[in-house]
Amino acid sequence: MTSTPADPAPRPEWRLYRGTGQPIDGDLADILPPPPPWRLFAGGPVLPDPVDDPQEATRRLGTPRAVPPADAAQVNAVNAALYLRRPLLVTGRPGTGKSSLAYRIARELKLGRVLRWPVTSRTRLLSGLYDYDAIGRVQAAGARQAGASDLPPEADTHIGTFVRLGPLGTALLPHRKPRVLLIDELDKGDADLPNDLLSVFEEGEYLIPELARLASYEPDVTVFTADPDGRAEVHHGLVRCREFPVVIITSNGEREFPPAFLRRCLRLELPAPGVQDLVSMVSAHFPHERPPGVDNLVETFVARDRSEGGLAADQLLNAVHLATSGAYQHDDVWPQLRDSLWRRLSSE
């Protein structure tokens, strides 16, 4: 008698992030598969989970509500970055939701407060890792010697009081779940910054020389972090992650990045939001009232964007907010007001 082969076991759902806006059931630390061997980090001891910041998430995303899942390309890219422990480079024109993606990931996967590192032309790698206020320490020591300080010696002269980890430096602390780090508008930074990030992304660690020099007689130093009232202990001046952070890097396409940097990132191009995406966004930010004529307003906005280009989603939110004030009901006011709100952001 020929035996019938058993049905193969069903494959587990590999999408941890689904782009629905709803928090997952359970704890990501329990369901996130192990990293590839070449992305395994051994930082420790494990720090407590970071505090959440629901007010900031609501400001950025609106209220949590059931929305249509994000498009497959976005969902797949985020999950691939999670599994591979690689940064995700997100490109697209202004207003497509590049920065918001970091907050959606943090809310849906319950990863706590987003660490945001806004990049400018003056941004350097060190500013993202940590800051050591050597001048402030010297001034505090001088004030104590002069009898001008009321603080105890360990509070105003200890080196840990004058070291504060930046957003990138805080994201690399050894948490049991990955932190979400938003590196916003990397293309506005110095040309060397992407290359400077390579070692940190590859090794998942960095050294604070000012603390390493003290390691022989003070191996553990407590410093400030980028979280509100946050403190963390640094051992021998070395910060090493345990779970590589979820790094979302945004770019408006103003600069080409070097191949070595691109090789260490996954890439996602965000398209302009469609009608349904914009309706969902408006509903999230205006959950208790249906703005008058909002469907027509969204369709007009999309049509104008397609014909002229250069509009951003937050320009629609501005118009909807004014529409709720009654301006939409005034035919002599609304067209001029709408035109002033919906000016193109670029001449291209």
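User: Before we start, what does the model being predicted mean for local features and side-chain atom pairs?
Analyst: In this predicted model, local features need pLDDT of at least 70 and side-chain atom pairs count only at pLDDT 80 or more, while totals for chains, interfaces and linings use all residues. Residues are numbered from 1 along each chain as its sequence is written, and side-chain values use heavy atoms, with hydrogens and water left out.

User: How do α3 and α4 cross?
Analyst: The axes of helix α3 (residues 72-84) and helix α4 (residues 98-109) cross at roughly 70 degrees and come within 13 Å. Helices (H or I, at least four residues) and strands (E, at least two) are DSSP runs, numbered from the N terminus. Axes are lines fitted to C-alpha atoms, for helices over the stretch in contact, and angles run from 0 to 180 degrees between N-to-C directions.

User: Parallel or perpendicular?
Analyst: α3 and α4 are therefore roughly perpendicular to each other. Angles of 65 to 115 degrees count as roughly perpendicular, under 35 as roughly parallel, over 145 as roughly antiparallel and the rest as oblique.

User: Which residues meet there?
Analyst: Gln 74, Val 78 and Leu 82 in α3 meet Leu 101, Arg 104, Ile 105 and Leu 109 in α4, where contact means heavy atoms within 4.5 Å. By class, this contact of α3 with α4 has five nonpolar, one polar and one charged residues. Ala, Val, Leu, Ile, Met, Phe, Trp, Tyr, Cys and Pro count as nonpolar, Asp, Glu, Lys and Arg as charged, and the others, Gly among them, as polar.

User: And how do α14 and α15 cross?
Analyst: The axes of α14 (313-324) and helix α15 (residues 334-341) come within 9 Å and cross at roughly 155 degrees. α14 and α15 are therefore roughly antiparallel to each other.

User: What makes the contact?
Analyst: Gln 315, Asn 318, Ala 319, Leu 322 and Ala 323 of α14 make the contact with Trp 334, Leu 337 and Leu 341 of α15. By class, the contact has six nonpolar, two polar and no charged residues.

User: How many cavities of 30 Å³ or more?
Analyst: The structure holds one cavity of 30 Å³ or more. The largest cavity has about 80 Å³ of space. Its 14 lining residues include Ala 81, Leu 82, Phe 244, Pro 245 and Val 246, the closest to its centre. β10 (246-251) supplies the largest share of that lining, three residues.

User: Where is the cis peptide bond?
Analyst: The cis peptide bond joins Gly 44 and Pro 45, with omega about -5 degrees. Pro 45 lies in the loop between α1 (28-31) and α2.

User: What about phi at Glu 185?
Analyst: Glu 185 has a positive phi of about 60 degrees although it is not a glycine. Glu 185 is placed in the loop between β5 (180-184) and α9 (193-203).

Notes:
On a 1 Å grid over the protein atoms alone, a cavity is a set of points where a 1.4 Å probe fits but cannot get out, and a pocket is an open set with protein on both sides within 12 Å along at least five of seven lines; lining residues have an atom within 4 Å of a point. Grid points are joined across faces, edges and corners, and a volume is the space filled by probe spheres set on the points.
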